[in-house]
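I opened my notebook to look up one structure, entry by entry.

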Amino acid sequence: VYWTDSNSHRALVSNRAAQLTLPYLQVRDGAGAWKTVIPDMGLPSGTDRTMRVDLTGKFLGDRREVRIVTNMCVYWDEVFFTSEETPAAATHELPLASADLHYRGFSTPVLDPQGVKAEHFEYTKVMSDAPWNPMIGNYTRYGDVRDLLGKADDHLVVMSTGDEMTVEFEAENLPPLRPGWKRTFFLYTHGWAKDGEPNTAYSKTVEPMPFRGMSGYPQAPGEKTPDTLEYQNYLREYQTRPRFDLIPSLAPVH
């Protein structure tokens, strides 16, 4: 998926001739015509991801042709189907062992020569220079942040540009695998991401902080960031790292 940004959406708002067509799924009916059976199929959650689409009861005859329609930069490189699925094997939640927040730098981006597919990043190749500065505001202090990751709440790890968080889980109590089986690991995350595009709300600052009870971002009139004693203690203990310019200003600072 080559994701749009706030600048792209602003351009679309002002140009009704160019509108996004979110992916929808069609099948052939008895006469061979294409009919939409899933008007909003959704998108993979990021680059190089797998998504599942339930086709139960969607076919309109004996034909099994399927097509996906969109004008977005979404590319599927593999499609497969299953039938008579059985429930998944028992799942096991691994307890969190440790979480460390630290500075790492920026992975080197690799661009598509044609300029249409999303770029990917070479983790083992760290760039020598930073491509941009952090937003103005305070971030989570470096070090142990395990206590902030135990549950989904408003006590967030606020990461700056170039930050990395290393998370480890206890796997000693996992049961042995049956012959021929293999494990799949899923990482559950809860959070928000804000870019620095000029058309993004509050693109230059960390605040206002997002919270679970808000109806949208920025929050609607009357919605406020939690002001409980517990939340204030969280801010005092963890949100103590000021922004640091990774790219020095060319103009003198007065």
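The entries below record what I looked up.

**Ground rules**

I noted that this is a predicted model, in which local features need pLDDT of at least 70, side-chain atom pairs count only at pLDDT 80 or more, and totals for chains, interfaces and linings use all residues. Residues are numbered from 1 along each chain as its sequence is written, and side-chain values use heavy atoms, with hydrogens and water left out.

**Entry: Ser6**

I looked up Ser6 and found it in helix α1, residues 6-13. Helices (H or I, at least four residues) and strands (E, at least two) are DSSP runs, numbered from the N terminus. Is Ser6 buried or exposed? Ser6 counts as buried because its relative accessibility is 16%. I wrote down the cut-offs: buried is under 20% relative accessible area, exposed is over 50%, and partly exposed is in between, with a 1.4 Å probe and protein chains only.

Next I checked the partners of Ser6. Leaving aside neighbours within four places in sequence, Ser6 is in contact with Asp195, Glu197, Asn199 and Thr200. Contact means heavy atoms within 4.5 Å. The side chains of Ser6 and Thr200 also make a polar contact, at 2.8 Å. A polar contact is a pair of N or O atoms within 3.5 Å; within protein, one must be able to donate a hydrogen and the other to accept it, and residues adjacent in sequence count only if both atoms are side-chain atoms.

I found Ala99 in strand β4. Ala99 is buried, because its relative accessible area is 3%. Not counting residues up to four places away in sequence, Ala99 touches Gly143, Asp144, Val145, Arg146, Leu149, Thr166 and Val167.

His120 lies in another strand, β6, residues 120-126. His120 counts as partly exposed, because its relative accessibility is 41%. What does His120 touch, not counting residues up to four places away in sequence? I listed Thr108, Pro109 and Val110. From His120 to Ser107 I noted 13 residues in sequence and 9.4 Å in space, C-alpha to C-alpha.

**Entry: Ser160**

I placed Ser160 in the loop between β8 (143-144) and β9. Ser160 is buried, because its relative accessible area is 12%. Ser160 touches Pro134, Tyr139 and Arg241, not counting residues up to four places away in sequence.

**Entry: the loop between β9 and α2**

I started with Phe186, which is in the loop between β9 (163-169) and α2 (229-238). Phe186 is exposed, because its relative accessible area is 76%. Phe186 and Glu93 are 93 residues apart in sequence and 9.6 Å apart in space, C-alpha to C-alpha.

Tyr202 is found in the loop between β9 and α2. Tyr202 has a positive phi of about 55° although it is not a glycine. Tyr202 counts as partly exposed, because its relative accessibility is 46%.

Then I looked at two prolines. Pro208 has its place in the loop between β9 and α2, and the peptide bond from Glu207 to Pro208 is cis, with omega near 5°. Pro218 is found in the loop between β9 and α2, and the peptide bond from Tyr217 to Pro218 is cis, with omega near -5°.

**Entry: nonpolar cores**

I noted a general point: in soluble globular proteins, nonpolar side chains tend to be buried together. A nonpolar core is a set of buried Ala, Val, Leu, Ile, Met, Phe, Trp, Tyr and Cys residues joined through side-chain atoms within 4.5 Å. Which members of the largest nonpolar core touch the most other members? Of its 14 residues, these are Val145, Leu148, Val158, Val206, Met209 and Tyr234. The elements that give two or more residues to this core are β4 (96-103) and α2. α2 gives the most, with three residues.

I followed up Tyr234. Leaving aside neighbours within four places in sequence, Tyr234 is in contact with Leu148, Asp154, His155, Leu156, Val158, Met209 and Gln239. A second, separate core of five residues includes Leu25, Val27, Val37 and Ile38.
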